[in-house]
Amino acid sequence: MKAKVHVTLKNGVLDPQGKAIEHALSTLGFNGVDEVRQGKYIELDLAETDPAKAKAAVEDMCKQLLANTVIENYSIELEG
Amino acid sequence: MKAAVIVFPGSNCDRDVAVALEQAMGKAPHMIWHRDTDLPDLDLIVVPGGFSYGDYLRSGAMAAHSPIMTAVKAQASKGVRVLGICNGFQILTETGLLPGVLMRNRDLKFICKDTLLKVGTAASDFTAGYSQDQIINIPVAHHDGNYFADTATLDMLEDQDRVAFRYCDSDGATNEAANINGSQRNIAGILNENRNVLGMMPHPERLIDPLLGGTDGVPMFKSLVNALA
């Protein structure tokens with residue numbers, strides 16, 4: 001079973017990299033782009049076949065390591 | 001005083017801080033490899049600067065789960081003094097020993113220069129050698145030093161007199177112009193609730209000898225020796 005984890009900054013946390021990307025896009029002539037937020041994407045292959053157990057395990061991984069929940073949110077997608 | 005320095009793969013200020021400690025206490029500290037699980041009887045543990053695990057995932061995230069950190073957390077809860085410098089500060093926030101997080105610098109640049117700091121509190125074993133509001137010169141060298149915590153946490157830190165250092169200008173003003181990396185409320189270093197854990201981004205161990213350009217880091221190590229010897 002494959003898990004796809006997205007880690008993103010919480011609302012209200014300033015994202016200097018997102019701001020720099022936004023600025024670069026506007027320099028390139030892409031107008032009307034606002035609120036660019038940069039995050040992380042992590043793929044995991046899991047031996048677990050039960051979706052509920054897999055989800056719970058990945059939740060734990062996110063809380064303990066993959067995300068810093070002081071500033072980051074995470075979302076989990078399971079496949080297969 | 002009995003001191004140890006934790007060494008992670010990628011630490012690069014471990015030997016500098018060992019020199020600073022030896023100068024202050026007259027003997028060398030223990031150097032403890034991150035895979036070790038036991039600590040000797042200690043008064044002070046230093047988590048040094050560097051780039052542990054190449055800053056993978058987030059600065060300090062991997063080191064926070066190193067085997068030795070379980071022992072460091074246990075010692076910290078018993079009141080052993082823990083000093084985290086730069087990457088050490090990042091590791092201490094990732095372990096939960098200190099609140100908040102150190103994000104990418106506001107201007108996205110690695111900053112390596114001498115920086116003026118205002119002493120926020122002299123009421124700790126780390127800062128007793130300075131006076132309240134004293135302006136000191138300590139170098140920084142970091143990419144992720146932008147201190148962030150929610151408003152409630154920042155208010156709590158201030159109410160409990162736990163902000164050890166703030167970035168300031170030569171008049172001691174802690175304004176936006178002096179805020180080198182975008183840290184909330186110019187915070188450069190904080191204490192835990194029991195005041196036995198200090199995390200700071202600047203490097204006091206880099207200014208302990210006139211040959212290095214100054215000695216403003218010396219009082220920190222002397223304070224610790226005075227309190228713990």
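How many bridges join strand β4 (residues 81-85) of chain B to strand β11 (residues 197-200) of chain B, and do these strands run parallel or antiparallel? In this predicted model, four bridges join β4(B) to β11(B), and the two strands run parallel. Within this pair, B:G84 stands opposite B:G199 of β11(B).

Both strands belong to an open sheet of nine strands in chain B, with mixed pairing and the order β2-β1-β3-β4-β11-β10-β9-β6-β7. The edges are formed by β2 (30-33) and β7 (135-142) of chain B; each has a single partner strand, so one side of each is left without a neighbour in the sheet. Neighbouring strands of the sheet are turned by 25° against each other on average, direction ignored.

Chain B also contains a helix pair. Two packed helices are described by the angle between their axes and the distance between the axes. The axes of helix α1 (residues 14-25) of chain B and helix α5 (residues 218-228) of chain B come within 9 Å and cross at roughly 50°. The angle makes α1(B) oblique to α5(B), and α1(B) passes α5(B) in a right-handed crossing. The residues that make this contact are listed below.

| Helix | Contact residues |
|---|---|
| α1(B) | B:A20, B:L21, B:A24, B:M25 |
| α5(B) | B:F221, B:K222, B:V225 |

By class, the contact of α1(B) with α5(B) has six nonpolar residues, one charged residue and no polar residues.

Between the chains, the contact takes 11 residues from chain B and eight residues from chain A. The side of chain B that touches chain A has five nonpolar, two polar and four charged residues.

Note on methods. Residues are numbered from 1 along each chain as its sequence is written. Chains are lettered from A and ligands numbered from 1 in the order in which they are written. This is a predicted model: local features need pLDDT of at least 70, side-chain atom pairs count only at pLDDT 80 or more; totals for chains, interfaces and linings use all residues. Axes are lines fitted to C-alpha atoms, for helices over the stretch in contact, and angles run from 0 to 180 degrees between N-to-C directions. Angles under 35 degrees count as roughly parallel, over 145 as roughly antiparallel, 65 to 115 as roughly perpendicular and the rest as oblique. A crossing is left-handed if the near helix is turned anticlockwise from the far one by less than a right angle, and right-handed if clockwise. Two residues are in contact if their C-beta atoms, placed from the backbone, lie within 7 Å. Ala, Val, Leu, Ile, Met, Phe, Trp, Tyr, Cys and Pro count as nonpolar, Asp, Glu, Lys and Arg as charged, and the others, Gly among them, as polar. Two strands pair if DSSP finds at least two bridges between them.
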